[in-house]
Amino acid sequence: VCCSSAEGEMVTNGMSNYARNGPFANSAVVVNIGPDDFSGISPLSGLNFRSYWEQKAFALGGNSFFAPAQNLLDFLADKESDHITRCTYRPGIKPARLRETLPDYVVESLKKGFRQFETKMPGYLSGEASMIGVETRTSSPVRIVRGEDLQSINAKGLYPCGEGAGYAGGIMSSALDGIRTAQALLKSLET
């Protein structure tokens with residue numbers, strides 16, 4: 001699904017239906033990015049880095065919200081895809097070289113990881129597999145510190161929870177943390 005939050009930027013997310021009964025495996029392969037990977041000392045340097053690559057993806061998708069996509073085998077061979085298999089992404093995909101929307105070390109890490117997957121799961125590398133990108137956002141590396149009552153320790157009345165606040169690593173753990181935080185909020189309202 002499209003998860004863009006700024007004009008002129010493209011970001012995707014591999015959402016799956018609740019029953020996980022769709023025809024496709026919607027998933028992400030993550031490469032670690034750290035402060036040494038981007039320039040600047042501003043607290044927003046990481047966001048600027050992310051925005052740069054999301055803008056490149058937007059351009060590669062045709063300056064629309066079409067996502068750039070590439071066949072997995074073509075990605076590994078550094079060649080452009082002339083055809084991408086059917087997918088669920090809406091509004092659509094545009095064949096592109098994803099190398100153009102990822103830093104070189106990310107491309108090389110992905111290639112290494114995909115080849116390693118093939119040694120553990122023969123058949124993983126397939127002409128049927130498509131890469132749709134870019135998915136530049138994962139769990140938050142920042143945690144908003146909260147007290148035993150689950151309120152922020154420095155902003156009373158704020159109940160940070162879930163992935164964005166640094167208390168979960170995905171949909172299920174975010175949901176559980178949300179329930180726990182809502183219960184704490186209700187308890188504080190009762191007293």
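A nonpolar core here means a set of buried Ala, Val, Leu, Ile, Met, Phe, Trp, Tyr and Cys residues joined through side-chain atoms within 4.5 Å. "Buried" stands for under 20% relative accessible area, "exposed" for over 50%, and "partly exposed" for anything in between, using a 1.4 Å probe and protein chains only. This is a predicted model, in which local features need pLDDT of at least 70 and side-chain atom pairs count only at pLDDT 80 or more, while totals for chains, interfaces and linings use all residues. Residues are numbered from 1 along each chain as its sequence is written, and side-chain values use heavy atoms, with hydrogens and water left out.

In soluble globular proteins, nonpolar side chains tend to be buried together. The largest nonpolar core in this model has 18 residues, and the ones touching the most other members are Met10, Phe75, Leu102, Leu110, Phe114 and Met131. At least two residues of this core come from each of α1, α2 (72-76) and α3, with α3 giving the most, four residues. Helices (H or I, at least four residues) and strands (E, at least two) are DSSP runs, numbered from the N terminus.

Take a look at Phe75. Setting aside neighbours within four places in sequence, Phe75 is in contact (heavy atoms within 4.5 Å) with Gln70, Leu98, Arg99, Val107, Leu110, Lys111, Phe114 and Met131.

**The sheet**

Next, the strands. Three of them make an open sheet of mixed pairing, in the order β2-β1-β3. The edges are β2 (93-95) and β3 (130-132), each of which pairs on one side only. From one strand to the next, the twist averages 35°; axes are lines fitted to C-alpha atoms, for helices over the stretch in contact, and angles run from 0 to 180 degrees between N-to-C directions. Two strands count as paired if DSSP finds at least two bridges between them. β1 (residues 67-71) and β3 run antiparallel to each other over three bridges, and Ala69 sits opposite Ile132 in β3.

**Two helices**

The expected span of a helix is 1.5 Å times one less than its number of residues.

| Helix | Residues | Length | First to last C-alpha | Expected span |
|---|---|---|---|---|
| α1 | 45-60 | 16 residues | 23 Å | 22 Å |
| α4 | 171-190 | 20 residues | 29 Å | 28 Å |

In α1, the buried residues are Ser45, Phe49, Ser51, Trp53, Glu54, Ala57, Phe58 and Leu60. They pack against β1, β2 and α3 (104-120).

In α4, the buried set is Ser174, Asp177, Thr181 and Ala184. Seen down the axis of α4, these fall within an arc of 90°, so they line one face of the helix; the arc is that of the directions from the helix axis to the C-beta atoms. The other side of α4 has exposed residues, including Ile171, Leu176, Lys187 and Glu190.

Most residues other than glycine have a negative phi, and most peptide bonds are trans. Asn63 is not a glycine, yet has a positive phi of about 55°; Asn63 is in the loop between α1 and β1 and, at 56% relative accessibility, counts as exposed. Leu150 also isn't a glycine and has a positive phi near 70°, but Leu150 is buried, at 6% relative accessible area. Its place is the loop between β3 and α4.

Two peptide bonds are worth a look as well. The bond from Arg90 to Pro91 is cis, with omega near 20°, and Pro91 lies in the loop between α2 and β2. The bond from Gly133 to Val134 is cis, with omega near 0°, and Val134 is in the loop between β3 and α4.
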